Structures are given as structure tokens and as C-alpha cells.
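Here are my notes on the salt bridges, the hairpin and the surface. Please read them with the model open.

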Amino acid sequence: MNRSEPIKVVPARYPLRVVGAVVALLVLAIVVQSVAFNPRWEWSVFARWFFDPVILEGLGQTLLLTLLGTVLSVIFGGVLALARLSSSWLLSSLAWGYIWLFRSLPLIVVLIILYNFSYLYDTLTVGIPFTGINWASYETINVLGQFSTAVVGLTLVQSAYTAEIIRGGFLGVDHGQYEAAAALGLPASRRTLRIILPQALRTILPSGFNEIISLAKGTAMVYVLAMPELFYTIQMIYNRTQEVIPLLMVGAAWYLVITSVLSLIQHLVERWIARSERRSAINSVRVARAAAPGRVAQPQEPVHAHLS
């Protein structure tokens, strides 16, 4: 009986992959050398201003605008998404019109219009239209200041995009889930919050975090309101010192930090949701097995065949 020789495993070679890696490292080395060792980047100025209290104060305004814009746009965008999915043609049409309008207008235009809203309307009145019933009245110039205008403008525009993301997540859930939840006799709010929304989150989260990152960078647009957020603060400093490039690099570095933290939060949230889904699936299997203890696979008896 011949003894079989051992099979020699030869790893596959990818010469183009090696060439690509070498070229990428070469380009990276060139970029690092040109940036790190070029004195015109003025890294000493960058280090001096990076943790300056004025810069940190502008950074705080940017983070606050991002937080408020995110929370309010999620709430308002969720309402718009539900209105778009409503069987009422009036609610659906009004929500569609809002989304169409604010997705069409640039953010900077919305901010400028809101900041000059007092030119159009001296007062903002809460009441019933076409009647003399008014519950409250405020001077527009006192209501829409710099900060409030920035928050309202960011929320109005961002809500239109958030509504479409949430609507797409709900449409991505299989329609059978709606029918099964309705067959159980659950109320609409409980069906939405406990059954449909957890499944829609898998689709909503990636696009939603992309919009939050875009919102964090979009806060730079409020410089037109002369509001001292991060970008406007940097502009004021380099207009005075003429150190344009290092101060712009300070802003770029802080925006990189913000987006990196948001990306990390997105990764952790997605991992937590995936872990929760796996845990739910395991629990479902255990419950199913416990509910049917008699369904145990019996060992099969060997079958003997007689060969003639």
C-alpha cells in the first residue's frame, strides 16, 4: 500500500497588491514630509491656538448647536415622517411640501431670511388665523436673536432630511410585521415603538449619523449671523493676526475630532443593537425549545439491506 505524500500548500501571491501598498506608503511619506517639515505651515502657531480659551468657547457653541439641532430635528423629522406615511392625504401632502421646500433651499439662505425676519414681520403672534383671537404676541427681533436663529434654521433644514431617513427606515420593515402586530391587537403607538422602530433602526442609524456629522460641519454656516461659533471665531482671529493657514488647520483639526467621536459613537451603537438582536434571537430559540419539550430528535435505527 503506497503511502500518500503530504500536500504542500503554496500561498497565493498577489504582486499587484504589494505594488499598490508600496505606492500608497510612498505617497503617504511624501505628504507627511511636505506637511511636517514645511515651515510655512507654522505648527508653532497651531499649537499656541489649539487650546486657546477663545477657540474652546467657539467649539462649545458648535457642539451646543449640533446637539440642539440633532435632538430637535429628530423629534420634528419623526413627526414629519409619520405624517408622510399617514393615510390622510392632507397630512401627507403638507409633510411632502415641507420636505420639498427645505431640501431645495440652501442652509445659508434660510439663515439669512430668518435673521431678517423682523423686516417682514414686526411681531410673532400665536392665535387663530382670520379672527381677532390672539393668545400671545412677541416682538420678532426679541425672539429671533443670533443663537435662536441658528437653532431654528438648522432644525428646519435638517428635519427635512431626517424625515426622509426615518421614512425610509420604516418602509424597509417587512409589511408582514405591521400585519402581525395589528393581529395581536396592539395599539398603533405600541406597534410603532416596540416592534417597528427597533427593526427600522438598523436602516436609520447609518444614514442618521451621516446627517449628524453633516450637521456638525454645517454649523460653520452660521458665521453669516456673526455668531461666535468655531469657524467664525477662527475667522476673526486670522483677520486680526493674518495667520490664516495655521488657524484654519486648528478648525480642521477640531472638526476632525468631532466627526471621529461621532463615528465612534455610531460604531458602538450599531454594535450594541447587533448584540441585542443576537440575544433576542437566542432567547427566542430557547423559548421555542422549552415550549415543545416532546419534540426531541429520536436516534434512527440502523437499516440493514440484504444484497443478493
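This is a predicted model: local features need pLDDT of at least 70, side-chain atom pairs count only at pLDDT 80 or more; totals for chains, interfaces and linings use all residues.

1. R84 and E164 meet through their side chains in a salt bridge, 3.8 Å from N to O. The term means a side-chain nitrogen of Lys or Arg within 4 Å of a carboxyl oxygen of Asp or Glu. R84 sits in helix α3 (residues 53–84) and E164 in helix α8 (residues 146–171), so the pair ties together parts 80 residues apart in sequence. Both residues are buried, that is, under 20% relative accessible area by a 1.4 Å probe with protein chains only; exposed is over 50%, and partly exposed lies in between.

2. R167 also forms a salt bridge with E164, at 3.0 Å from N to O.

3. Residues are numbered from 1 along each chain as its sequence is written, and side-chain values use heavy atoms, leaving out hydrogens and water.

4. Which residue forms a salt bridge with R48? E243 does, with the closest N and O atoms 3.4 Å apart. E243 is in the loop between α11 (230–241) and α12 (244–291), and R48 is in helix α2 (residues 43–50), so this pair ties together parts 195 residues apart in sequence. E243 is buried at 15% relative accessible area; R48 is partly exposed at 49%.

5. Look at the hairpin of β1 and β2 next. It has 6 residues between the strands, and F130 takes a positive phi near 65 degrees.

Definitions and conventions:
Two strands pair if DSSP finds at least two bridges between them. Helices (H or I, at least four residues) and strands (E, at least two) are DSSP runs, numbered from the N terminus.
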